[in-house]
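I opened the notebook on this model to look up its charged pairs, its sheet and its ring contacts, and I set down each entry as I went.

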Amino acid sequence: MAPPGLPDWPTRRRLVATGSVPIAGRAWSGGGRTIAKVEFGVDDDWHEATLAGQVGRYAWTKWQAVWQARPGDHILRCRATDSDGHAQPFDPPRDVGGFGNNAVQEVTVHVTAPA
């Protein structure tokens, strides 16, 4: 997921204004399987994103969604599922080198109220 808005470096949050916020990203299975779906979540409310540009089983697949941002702090997440039904885990399986992290991506966003 490409994090929306502007970065707030001290807190590592992203800053956006209220209203429609386009969200987009790329998904890849890594195992030669196509992406069947991508889910986009705000706080714990999940919706299926729109897939676009799927060109082959070894290619990255673009996805997009629109978020109706309301004031406050929110956690945005995305989760891909491949054509064999394998979905990204919420908790990453770890290996000694730390290379096996394929967990659900998470971004904290602060939405400012209109002035």
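I keep in mind throughout that the model is a predicted one.

I then looked up the partner of Glu106 and found Arg77, the two side chains meeting in a salt bridge at 3.0 Å from N to O. This pair links distant parts of the chain, since Arg77 is in strand β8 and Glu106 in strand β9, 29 residues apart. Is Arg77 buried or exposed? I noted a relative accessibility of 13%, so Arg77 counts as buried.

Arg77 also meets Asp44 in a salt bridge, here at 3.5 Å from N to O. Asp44 lies in the loop between β4 and β5 while Arg77 lies in strand β8, so this pair ties together parts that are 33 residues apart in sequence. Asp44 itself counts as exposed, because its relative accessibility is 66%.

My next entry concerns Asp82, whose side chain meets that of Arg33 in a salt bridge of 2.8 Å, N to O. With Asp82 in strand β8 and Arg33 in the loop between β3 (19-27) and β4, the pair ties together parts that are 49 residues apart in sequence. I recorded Asp82 as buried because its relative accessibility is 6%, and Arg33 as partly exposed because its value is 26%. I also wrote down that Arg33, Asp82 and Asp84 are linked in a network of salt bridges. The count for the model comes to 5 salt bridges.

**Strands and sheet**

I turned to the secondary structure, which comes to 0 helices and 9 strands for the protein chain. In which order do the 6 strands of the open sheet lie? I read the order as β1-β2-β9-β8-β4-β5, with mixed pairing. The edge strands are β1 (6-8) and β5 (45-48), each of which pairs on one side only. Neighbouring strands of this sheet are turned against each other by 35 degrees on average, direction ignored.

Within the sheet I followed strand β2 (residues 13-17) and strand β9 (residues 105-112), which pair in the parallel sense over 4 bridges. The bridge partner of Val16 in β9 is Val111.

**Pro71**

Val111 came up again when I looked at Pro71, which touches Thr18, Val111 and Ala113, residues up to four places away in sequence not being counted. Pro71 has its place in the loop between β7 and β8 (72-82), and it counts as partly exposed because its relative accessibility is 48%. I also noted that the C-alpha atoms of Pro71 and Ala17 are separated by 7.9 Å, although these residues are 54 residues apart along the chain.

**Aromatic pairs**

I counted 3 aromatic pairs. One of them is formed by Phe40 and Trp63, at 6.4 Å centre to centre with 35 degrees between the planes, and is tilted. Phe40 lies in strand β4 (residues 35-42) and Trp63 in strand β7 (residues 61-69), so the pair ties together parts that are 23 residues apart in sequence. I found both Phe40 and Trp63 to be buried.

**The chain as a whole**

Finally I noted that 30% of the 115 residues count as buried, and that the chain exposes about 7,100 Å², with carbon and sulfur atoms supplying 53% of it.

Definitions and conventions:
Residues are numbered from 1 along each chain as its sequence is written. This is a predicted model: local features need pLDDT of at least 70, side-chain atom pairs count only at pLDDT 80 or more; totals for chains, interfaces and linings use all residues. Side-chain values use heavy atoms; hydrogens and water are left out. Rings of Phe, Tyr and Trp (its six-membered ring) pair if their centres lie within 6.5 Å; planes under 30 degrees apart count as stacked, over 60 as edge-to-face and the rest as tilted. Helices (H or I, at least four residues) and strands (E, at least two) are DSSP runs, numbered from the N terminus. Buried means under 20% relative accessible area, exposed over 50%, partly exposed in between (1.4 Å probe, protein chains only). Two strands pair if DSSP finds at least two bridges between them. Axes are lines fitted to C-alpha atoms, for helices over the stretch in contact, and angles run from 0 to 180 degrees between N-to-C directions. Accessible areas come from the Shrake-Rupley method with a 1.4 Å probe; for residues, only the protein chains shown count as cover. Contact means heavy atoms within 4.5 Å. A salt bridge is a side-chain nitrogen of Lys or Arg within 4 Å of a carboxyl oxygen of Asp or Glu.
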